[in-house]
Every structure is written in C-alpha cells, then in structure tokens.
Amino acid sequence: MNSSAIFVSELIRAANQIDKVSVSEVRLLLQRSIVTVRDLRYEAGIPVDGTPEDALVRLKLVSEECDGLKQGERADALLKAADLIRTLAILVDSGTYVSVRPVD
C-alpha cells in the first residue's frame, strides 16, 4: 500500500469516527491533505487554478473555518479530501499526465 492510499484510509477513518476526532486533528488532516493534493497535482502536471472553485482553495478555507463547522461538515470535508487524493493518485499511478500548452 503506497503512502497516498494509507493517508486516504486515515482520512476515511477519521471521518467515520468524527465524534472521536478533535477539531485540531481535523485541521491538521486537512492541512496535510492540501500539501498532498498540491504535490500530486504537480506530479501530474495539473496547473494551479487558485479560483474559489478550485478544490484546493476550498480545502484551505474549510481547514481555516474548522472551529465553526459541525461534526458532519468536518467529516464531509475529510471525505472530499480523501476522494480528491485518491483520484489524483490514480491519475499519477496510471502515468497519464496533463499537458499544459501556453496560450498564444
């Protein structure tokens, strides 16, 4: 099992046991997710978007607002992070890379 798969399992476990996971632990997991997603995107050749629709931006906002979220919302954020990491890891493992051409 590779490190991405292990981390995805950790995120899912935390989401399923959200009543036992502190807000600060959720925040740390989301921050680790942000770093992991950024690294996987870089490896796959996916450019930075940076718009409010970017999943990475949304993860950052949720991690910053973690204190004010309900348990279900924190669990949902962890599951979304897990799905994003799993999808990107599959892309990277498949050897399919995004080719970004500059606009003329």
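Trainee: Which element gives the most residues to the lining of the second largest pocket?

Mentor: Bearing in mind that this is a predicted model, the element that gives the most to that lining is α2, with three residues. Both α2 and α3 give two or more residues to the lining of the second largest pocket.

Trainee: And which residues line the second largest pocket?

Mentor: The lining is made up of R38, R41, Y42, G45, I46, P47, V48, D49, G50, D54, L56 and V57, and by class these residues divide into six nonpolar, two polar and four charged. The volume of this second largest pocket is about 160 Å³.

Trainee: What about the largest pocket, what volume does it have?

Mentor: Its volume is about 230 Å³, and the residues that line it are A55, R58, L59, V62, L69, E73, D76, A77, K80, A81 and L84. The elements giving two or more residues to that lining are α3 and α4, and α4 gives the most, with six.

Trainee: How does that lining split by class?

Mentor: The lining of the largest pocket has seven nonpolar and four charged residues, with no polar ones.

Trainee: Switching to the core, which residues touch the most other members of the largest nonpolar core?

Mentor: That core has 26 residues, and those touching the most other members are L11, V26, L30, V37, L59, L78 and I85. Two or more residues come from each of α1 (3-16), α2 (23-44), α3 (55-64) and α4 (71-94), with α4 giving the most, nine residues.

Trainee: Take V37 then, what does it touch beyond residues up to four places away in sequence?

Mentor: Leaving those sequence neighbours out, V37 touches L56, L59, L84, I85 and L88. Of these, L59 and L84 also line the largest pocket, while L56 is among the residues lining the second largest pocket.

Trainee: Back to α4, which of its residues are buried?

Mentor: The buried residues in α4 are R74, A75, A77, L78, A81, A82, L84, I85, L88, A89 and V92, and what covers them includes α1, α2 and α3.

Trainee: How does the distance between the end C-alpha atoms of α4 fit its residue count?

Mentor: It agrees, because 24 residues at 1.5 Å a residue should span 34 Å, and the end C-alpha atoms of α4 are 35 Å apart.

How values were computed: Residues numbered from 1 in each chain as written. Predicted model: local features only at pLDDT ≥ 70, side-chain atom pairs only at ≥ 80, totals over all residues. Heavy atoms only, no water. Core = buried A, V, L, I, M, F, W, Y, C linked by side-chain atoms within 4.5 Å. Buried < 20%, exposed > 50% of the residue type's maximum accessible area, 1.4 Å probe, protein only. Helix = DSSP H or I, 4+ residues; strand = E, 2+ residues; numbered from the N terminus. Contact = heavy atoms within 4.5 Å. 1 Å grid on protein atoms, 1.4 Å probe; cavity = no way out; pocket = protein on both sides within 12 Å on 5 of 7 lines; lining within 4 Å. Points joined across faces, edges and corners; volume = space filled by probe spheres on them. Nonpolar A, V, L, I, M, F, W, Y, C, P; charged D, E, K, R; others polar. Expected span 1.5 Å × (residues − 1).
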